[in-house]
Amino acid sequence: RRDWSACRNLDVNLELLQEKIELLETEGARDAWNYVRECLLELRAQELARARKRFRRLDIPAFIEKTQRLFKSIKTENVQDLSLKESFAGTLAEWREGVAQAKSRQDPKHLHELRISGKRLRYQLEIIAELGDSAPKDQVTSLKGLQDELGRWHDCHVLLQFVEELIEKPAFVSDHPESQQILEREIDSERRKNNAVINEILKQAEQLQLGLDSCKAAATPSDSI
């Protein structure tokens, strides 16, 4: 998964970039962003070659055999009971802290941490729902929607960061002065729009907290696996 993550991120950036290009009305802006797209495609080809090289070193049959042995060695009676109430309370507290940190700082690091803690929380809610409690289902849906929005915000941030680094390279400035000026203006505009989304995302997170508080009672001491 780690080996292919760079390609996945570049694929997402290319999709976002294609959406951007399709909305452009001026030829100069299209040329500038198409140059960025070519750079991303070249970088993706390099990452794909690296990932394939690493993948060839993996012994897939040995991995499958080892996994099958592990599955066969597991015995139900050896699995300790896990209190979902205690586990859920800790994960919820972690997520609430993530919301507070994201609100106070609003930087990429803390917004990304909020998304990760939200993923852990959603997984636990899905387990609770599987055990028969229908109450968390709405919160699971809301959490997934929030994660998707945080993910899109992060992907846009990464793309803008890539373009910013690209246009600061001396070779780009000397060879593409007009595109450099266009992209500088475009980056400022896109960053303002992307940052404006943060406040709306955090408002949704605050509203979701109210619903999640009611889920504390969903995981009782008898709910164990």
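Begin by selecting W4, F55, L58, I60, F63 and I64, which together make a nonpolar surface patch of about 570 Å². The model on screen is a predicted one.

Next, colour helix α3, residues 60-73. This helix supplies the largest share of the nonpolar patch, namely three residues. Select I60, which lies in helix α3.

W4 belongs to helix α1 (residues 2-23) and F55 to helix α2 (residues 27-56), so the pair ties together parts that are 51 residues apart in sequence. W4 is partly exposed at a relative accessible area of 32%, and F55 is also partly exposed, at 40%.

Then select Y35 and F172. Their ring centres are 5.3 Å apart and their planes stand at 50 degrees, so this pair is tilted. Y35 lies in helix α2 and F172 in helix α7 (residues 170-175); the pair therefore ties together parts that are 137 residues apart in sequence.

Is F172 buried or exposed? F172 has a relative accessible area of 4%, under the 20% limit, and is therefore buried. Y35, by contrast, counts as partly exposed, at 26% relative accessibility.

Technical notes
Residues are numbered from 1 along each chain as its sequence is written. This is a predicted model: local features need pLDDT of at least 70, side-chain atom pairs count only at pLDDT 80 or more; totals for chains, interfaces and linings use all residues. Side-chain values use heavy atoms; hydrogens and water are left out. Patches are made of residues with over 30% relative accessible area and no salt bridge: like charges are joined within 9 Å, nonpolar side chains (Val, Leu, Ile, Met, Phe, Trp, Tyr) within 5 Å. Accessible areas come from the Shrake-Rupley method with a 1.4 Å probe; for residues, only the protein chains shown count as cover. A salt bridge is a side-chain nitrogen of Lys or Arg within 4 Å of a carboxyl oxygen of Asp or Glu. Helices (H or I, at least four residues) and strands (E, at least two) are DSSP runs, numbered from the N terminus. Buried means under 20% relative accessible area, exposed over 50%, partly exposed in between (1.4 Å probe, protein chains only). Rings of Phe, Tyr and Trp (its six-membered ring) pair if their centres lie within 6.5 Å; planes under 30 degrees apart count as stacked, over 60 as edge-to-face and the rest as tilted.
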